[in-house]
Amino acid sequence: MALSAGAAGHVLRALLLALACHNAYEIRMHAVRTYGPVIHEFDPWFNYRATEYLAANGWGKFFTWFDHMSWYPLGRPVGTTIYPGMQITSVLIWRLLGLVGSDMSLNDVCVYVPVWFGVLATLLLGLLTYECSKSANAAVASTLIMAVVPAHLMRSVGGGYDNESVAVTAMCLVFLLWCRSLRNEDSWPLGAAAGLAYVNMAAAWGGFVFVGNLVALHAFVLVLLGRYGDKLHRAFSLFFVVGTLGATRVPVVGMGPLRSLEQIAPLLTFGGLQVLMLGEKAVEKARPLSKAEAWNRRLKVYATAAGAGLLVLVLLFSVGYFGPISSRVRGLFVKHTRTGNPLVDSVAEHQPASANAYWHYLHTTCYAAPVGLFVLFSGGVRLEARGFIAVYAL
């Protein structure tokens, strides 16, 4: 019996999705198949050693561990100076495998974690693409690209046990849940799930600062586009409260989300959305009002809140509440020899990227991306999600 055109399309998409997962797994397994299940490079070995300590000594001792063998002879308080999300995830996977009868060693789990999470990130990007485009074909195409794009591949090869291998997956999950929380008026509770994913991201990698700022910028742009409503207010409020509360529990992050100038955008966006909500409440209580009277009432609320907020900010700045811009960010705008931090100065990724770097890490997607943006906005569905892709790209 011949398949209908629709059924044939479903089968073809399923086969291509399986191909994407196969490619994502196999190409990341090349080093393992060639050299065996070994950890590669310095940082992955350091991360593995920390994972071993966590598995052997438990949570409490890990976060008070001063390692005399790291940065010898000075030593280092490891538990409070690293992002422990990858170590916690790996130990959890290792113990779960043990519960189901697997004898896989902790070393092998750490070797395979980048591979597993690389495949998972590929699938999550496909779901994000579908959420933004409502196109199954686009979703499958994105998985095929994500499976092999050098920018992701270089951080998720077997044995390359580094923070990005887990964090990129967490980042894709945050973006997916955030966009999904804005799909309709009933989906805003997913903002809390996006906040939990953000906590995972904050525990895994310092790039969580980018994620929080991007979500905040997207919410701000939606307000400028006239898309403010209860959905946006509730979703972002849940994201910010849950995400910030969890992120500040990570020792290396601390109170940074509330005190760092680099992370002030989510805080300001959260405050701004509360002010907009108060303005709408003020109008609702005084109805019926003409359009001019409603806006006059809103502006009074906005002006009062702006004055109070400015006063608070001035007081906080005067007492040194907010910390300075970090060396990593300053390194993007000043010569690398002037940041004052030799560790930052010596790492190429802390410097502004060259045009050649985009081709090197993204290859032909550099030129396909503008076309994709045009196609994305040629449709008329899910403006909030499509707007997120545009904000991310720009």
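Student: Let's start with helix 3 and helix 4. Is their crossing left-handed or right-handed?
Tutor: Helix 3 and helix 4 make a right-handed crossing. Keep in mind that this is a predicted model.

Student: At roughly what angle do the axes of helix 3 and helix 4 cross?
Tutor: Roughly 60 degrees. Helix 3 covers residues 42-62 and helix 4 covers residues 85-99. Their axes come within 9 Å. The angle makes helix 3 oblique to helix 4.

Student: Which residues of helix 3 and helix 4 meet?
Tutor: From helix 3, look at Asn47, Ala50, Thr51, Leu54, Ala55 and Trp59. They meet Met86, Gln87, Ile88, Ser90, Val91, Trp94 and Arg95 in helix 4.

Student: And how many of those contact residues are nonpolar, polar or charged?
Tutor: The contact of helix 3 with helix 4 has eight nonpolar residues, four polar and one charged.

Student: Next pair. How do the axes of helix 5 and helix 8 cross?
Tutor: At roughly 20 degrees, with the axes coming within 8 Å. Helix 5 runs over residues 106-133, and helix 8 over residues 163-181. Angles under 35 degrees count as roughly parallel, so helix 5 is roughly parallel to helix 8.

Student: Left-handed or right-handed for helix 5 and helix 8?
Tutor: Left-handed for helix 5 and helix 8.

Student: What makes the contact there?
Tutor: Helix 5 brings Val113, Pro114, Phe117, Leu120, Ala121, Leu124, Leu127, Leu128, Glu131 and Cys132. Helix 8 brings Ser165, Val166, Val168, Thr169, Cys172, Leu173, Phe175, Leu176, Cys179 and Arg180. By class, the contact of helix 5 with helix 8 has 16 nonpolar residues, two polar and two charged.

Student: What lines the largest cavity?
Tutor: Tyr198, Val209, Gly212, Asn213, Phe239, Phe240, Gly243, Thr244, Pro257, Gln263 and Pro266. Helix 10 (208-224) and helix 11 (230-247) are the elements that give two or more residues to this lining.

Student: Which helix gives the most to the lining of the largest cavity?
Tutor: Helix 11, with four residues. The lining of the largest cavity divides into six nonpolar, five polar and no charged residues.

Student: And what lines the second largest cavity?
Tutor: Glu131, Cys179, Leu182, Arg183, Arg382, Glu384 and Ala385. The lining of the second largest cavity has three nonpolar, no polar and four charged residues.

Student: Now pockets. What is the volume of the second largest pocket?
Tutor: About 390 Å³ for the second largest pocket. It is lined by 16 residues.

Student: Which residues lie nearest its centre?
Tutor: For the second largest pocket, those are Leu268, Gly271, Gly272, Gly309 and Leu313.

Student: How does the lining of the second largest pocket divide by class?
Tutor: Into 13 nonpolar, three polar and no charged residues.

Definitions and conventions:
Residues are numbered from 1 along each chain as its sequence is written. This is a predicted model: local features need pLDDT of at least 70, side-chain atom pairs count only at pLDDT 80 or more; totals for chains, interfaces and linings use all residues. Side-chain values use heavy atoms; hydrogens and water are left out. Axes are lines fitted to C-alpha atoms, for helices over the stretch in contact, and angles run from 0 to 180 degrees between N-to-C directions. Angles under 35 degrees count as roughly parallel, over 145 as roughly antiparallel, 65 to 115 as roughly perpendicular and the rest as oblique. A crossing is left-handed if the near helix is turned anticlockwise from the far one by less than a right angle, and right-handed if clockwise. Contact means heavy atoms within 4.5 Å. Ala, Val, Leu, Ile, Met, Phe, Trp, Tyr, Cys and Pro count as nonpolar, Asp, Glu, Lys and Arg as charged, and the others, Gly among them, as polar. On a 1 Å grid over the protein atoms alone, a cavity is a set of points where a 1.4 Å probe fits but cannot get out, and a pocket is an open set with protein on both sides within 12 Å along at least five of seven lines; lining residues have an atom within 4 Å of a point. Grid points are joined across faces, edges and corners, and a volume is the space filled by probe spheres set on the points.
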